[in-house]
Amino acid sequence: MKNRALLLLLSGLLASCTTPPPPAPFGAVPSARQLGWHKLKYYAFLHFGPNTFTDIEWGHGDESPDEFFPTELDCRQWARVIKDAGMEGVIITAKHHDGFCLWPSKYSTHTVRESRWREGKGDVLKDLSEACREYGLKFGVYLSPWDRNHPTYGTSEYNDVFKSMLKEVLTQYGEVFEVWFDGANGEGPNGKKQVYDFPGFAEVVRQYQPGAVIFSDGGPDIRWVGNEQGYAAETNWCTVKDGVFYPGIGGVNDQLQHGHEDGNKWLPTEVNTSIRPGWFYHAAEDSLVKSLHQLAGNWYHSVGMNGNFLLNIPVDNRGLIHENDAARLMELKAWGDASFRVDLTKGATATSVQVRGHSKKYCAQNAIDGNPETYWATDEGTNTASIEIAFGKETEMNAVLMQEYIALGQRVKSFTIEALLENEYRPVATGTTVGNRRIVPFETLKTDKLRIIFNTKACPAVHTIEVYKTVDVE
Ligand code: FUL
């Protein structure tokens, strides 16, 4: 008995010696709600409102509510198209700068209730949230603080009005995954400017939808990428210096694109762009839907550059997603499926001479085991490390996808991908940051071995490496 206890103690001690503790978190790390958001990739932005009918981008707030008159509005059609496109959710312009509310708000007289649509009995948020539940999509809301209609705009009372509207939207339609605050702040109906109570707005969101992430150009949970063309920068840190960005900030687009390498706050990028030139529907743009080539480029520069992709689809004046947009979305889905369905690391072997404590818990194979909870890590202080993937046979490929275990911070500063070609490792691609997700395309090649060399700020923690042969788009 005594011996057995001793044996148990010894084996326990041995195990604790051979399995080192996980790497300590490095720098800023994401909150639980940010981590949840990082699991998403691609969702729809829906711009819809009086502008859809008046054919302009920024309504003045003096349009008649009767302008809003979709004759075939069908949120289930939107949800079906969005689901078929492989998107994970929607964010709708519940209120744009014209102040018109797509729900019958008690705090405004410029709403669907005042319109002739469904004799004032309609509620777009109700229809859409129900359709999202039916199709398994996440539901999010855009609310513009800038309001060109509300009579209190430009006074402190308006901030309370906005909070009350926010409360309605956050309490009447089920779970909300993201709240999108537009930073635009123009003149109100009286020419007045408003100082927005962003901290107060955030409190309302935290109170009624604690799981929702809050987007604005400067956070607090998600930051704008600094352009509306749908391009994250090659070097894209999720970290920023506390106090530098705040909601409504202007003139720092370059910093927003890159983040700050030595930032002490986690604030990742969402990449928003429209499938057409405008955010709202204009019949004249029916022939100007972005090409598959452009959209695939947006994919690489958002999902593939450490951001999430928020693609705007303007709902048309019938109240439907237009056929041309739907067709292009399906092409993008088919391209994505053909390109990223077969991960060539299945059945491959990953090795590294630099494994934390030589422990199986942190072994290289973890990076290709399909489990995002296991990761390859090295010892503290090993900030240059390489991992080798052996495919067992000559394999045709042209892209690598990598993901850091960001719960422990963003660590990779740069990397080089090498392929074994004629018995020699040759560089085929280099890059800087990785973060949550990085996709690196390169010239199609055939090899049986890849090597990736990382240069990091603290020991690497990489949970996923996938390899693909993607389809070219003309
Ligand atoms: C901007 C707005 O002014 C545009 O109308 C659009 O909503 C875009 C997404 O954000 O700030």
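Mentor: One cut-off before we start: a residue counts as exposed when its relative accessible area is over 50%. Also, this is a predicted model.
Trainee: OK. Is H358 buried or exposed?
Mentor: Exposed, because its relative accessibility is 71%. H358 sits in the loop between β11 and β12. Its phi is positive, near 50°, and it is not a glycine.
Trainee: And what about the phi of N423?
Mentor: Positive, about 65°, again in a residue that is not a glycine. N423 is in the loop between β14 and β15. With a relative accessible area of 76%, N423 is exposed.
Trainee: Switching to peptide bonds. Which residues does the cis one join?
Mentor: G219 and P220, with omega at about 20°. P220 belongs to the loop between β5 and β6.
Trainee: Now helices. How do α4 and α5 cross?
Mentor: At roughly 40°, with their axes coming within 8 Å. The two are therefore oblique to each other. The crossing is right-handed.
Trainee: Which residues make the contact?
Mentor: On α4, they include W78, A79 and K83. On α5, L128, A131 and Y135 are among them. The contact residues split into seven nonpolar, five charged and no polar.
Trainee: Which α6 residues are buried?
Mentor: Among them are F162, M165 and L166, plus N159 and E168.
Trainee: What covers them?
Mentor: The cover includes β2, α5, β3, β4 and α7.

Terms used. Residues are numbered from 1 along each chain as its sequence is written. This is a predicted model: local features need pLDDT of at least 70, side-chain atom pairs count only at pLDDT 80 or more; totals for chains, interfaces and linings use all residues. Side-chain values use heavy atoms; hydrogens and water are left out. Buried means under 20% relative accessible area, exposed over 50%, partly exposed in between (1.4 Å probe, protein chains only). Helices (H or I, at least four residues) and strands (E, at least two) are DSSP runs, numbered from the N terminus. Contact means heavy atoms within 4.5 Å. Axes are lines fitted to C-alpha atoms, for helices over the stretch in contact, and angles run from 0 to 180 degrees between N-to-C directions. Angles under 35 degrees count as roughly parallel, over 145 as roughly antiparallel, 65 to 115 as roughly perpendicular and the rest as oblique. A crossing is left-handed if the near helix is turned anticlockwise from the far one by less than a right angle, and right-handed if clockwise. Ala, Val, Leu, Ile, Met, Phe, Trp, Tyr, Cys and Pro count as nonpolar, Asp, Glu, Lys and Arg as charged, and the others, Gly among them, as polar.
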